[in-house]
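Let me put the model up, and then I'll walk you through a few pieces of it.

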Amino acid sequence: MIRADNIFKSFGEHNVLKGIDFTFEAGKTNLIIGKSGAGKTVLLKILVGLMEPTDGHVWYDNVDLCTLGKKEIREIRMQVGMLFQGNALFDSMTIEENIRFPMDMFKTMTLKEKRQRVDFCLERVSLEGINKKYPSEISGGMQKRVGIARAFVLNPKYLFCDEPNSGLDPKTAITIDELISSITDEYNMTTIINTHDMNSVMEIGENICLLSDGLLVWQGNMDMVMETDNKELESFIFASPFLQKLRKRALSK
Amino acid sequence: MFSLRFLEDFGRFLLWVPQIFKKPENWTMYYKETIRQTYDIGIGSLFIVFIISIFIGAVTAIQFSYQMAGTLIPNFYIGYIVRDMSIIASAPTITSIVLAGKVGANIASEIGGMRQKEHIDAMEIMGVNTSAYLVLPKIIGAVIAIPMLVTLAALLGSLGGYIASVPTGLFQQSDYITGLQSFFVPWNVVMMYVKAFAFALIISFVSCYQGYFVKGGSIELGEASTRAVVVSDILILIADYLLAVLLTV
């Protein structure tokens, strides 16, 4: 479980987050949604410890991240996996070396054991046999899956995903969502996804918080979205005329 | 404005340096990275050092030969001048200024590119001390490779002087060789290595700092690379002067 406890963040005069309180539950896919500029990425970076809040606390179970020194934060981070919006795969390394990197750095395993773990992770994301390729030699969707494989190679307790579906076609985006959701269930991870993909909201949103202008304006789950009367959520989720029609139809049945 | 920026950078640099020398998470990974960096800096710069040293030696020989024509100074002095010019000045200082452009810009853009592509964030999330892992091997690599390159530059400078003067008939081979063997002061070689070591530290620290703290996009990355070269060059010249004063007292 990760808890955002009254998080404020300002850049000079500009207040990006204005007191966010939210609990990201273990074993669930927790979504942070909101329009561009709502403060989603800043919140995610604060939760993962890449940015310090101006005020407030971030609790990893019973540990306050904001009071820890750099060494302690690094120890917590060894339980964290993260999928970046741009994948952040190391260009000069092969896929195998990318996935192996955290093990090379922190684990005292034999090369054979590491390779077996890499093969397992690649198989889990349906990418067997691409070990020797470089990131530039595979597609964007495959890069995302390699990013996921690298994120869970050390069996993390917490998984963060920043815009996992950005730049992907709808079918690949669904595959990525399903993969993240099934890995979360399998390893009982606390997964936090920053997204504005409506399909993700409706398919894997087990615990959702909607940010608007730095404030938490709605929280719930995917089942509550369709029947919401929250204006902010309505205007965000059902922004397109097509989705508005679909919603009308669903509600009329 | 400039002094504020300088103070901000200097303060941040002082706070950052202790992070670089924290205990490595995995010695083997650091060792491999150090070998790679030493190779990149050393082997990667061989060609440019070769060309520059040969030509500087050649030009020094020709220019001094021209200056001394018609005087009573014996010809063998040319070899002596070329040798000491190479050891004291051109090998450590000019080579380092050139390496600041080649190696410094390379380091700044490599680390800066990693910052922009979120590679540094990705490593931080894994629990890697990126200040140490990305910077320490480069500093060690520079400190090993640059003095070697400077040694080579000193030898090639003397060779360049020979190539430009003896085969062309400017003066006799025996004169040049006599000059190379005359008035040798071993302390000059010590000075050369002290300078090379200091300049290697300047180039690596400045370039890593500029790359590590880059913000923004490709324009800012270009500016950071340029700043790495300019600041390194200025600091090399200042350090050269200070070392010259200190080591020749």
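**Two helices in chain B**

So, H3(B) and H7(B) are roughly parallel to each other, a label that goes to angles under 35 degrees, with over 145 called roughly antiparallel, 65 to 115 roughly perpendicular and the rest oblique. Before I go further, this is a predicted model: local features need pLDDT of at least 70, side-chain atom pairs count only at pLDDT 80 or more, and totals for chains, interfaces and linings use all residues. Residues are numbered from 1 along each chain as its sequence is written, while chains are lettered from A and ligands numbered from 1 in the order in which they are written.

Back to the pair. Helix H3 covers residues 77-116 of chain B and helix H7 covers 186-212, and they pack at about 15° with their axes 8 Å apart. Axes here are lines fitted to C-alpha atoms, for helices over the stretch in contact, and angles run from 0 to 180 degrees between N-to-C directions. Helices (H or I, at least four residues) and strands (E, at least two) are DSSP runs, numbered from the N terminus. The crossing of H3(B) past H7(B) is right-handed, meaning the near helix is turned clockwise from the far one by less than a right angle. By class, that contact has 19 nonpolar, ten polar and four charged residues. For the classes, Ala, Val, Leu, Ile, Met, Phe, Trp, Tyr, Cys and Pro are nonpolar, Asp, Glu, Lys and Arg are charged, and the others, Gly among them, are polar.

Now over to the sheet in chain A. Four strands make an open, antiparallel sheet, ordered S2-S1-S4-S5; strands pair if DSSP finds at least two bridges between them. At the edges sit S2 (14-24) and S5 (63-64), each pairing on one side only. S1 (2-11) and S4 (55-60) of chain A share five bridges, and A:Ile2 has A:Tyr60 as its bridge partner in S4(A). Helix H1 (40-48) of chain A packs on this sheet, touching S1, S2 and S4, and makes about 120° with the direction of S1(A).

What about the contact between the chains? Chain A puts in 15 residues and chain B 14, where contact means C-beta atoms, placed from the backbone, within 7 Å. On the chain A side, H2 (70-77), S6 (80-83) and H3 (95-106) each supply at least two residues.

Methods: Contact = placed C-beta atoms within 7 Å.
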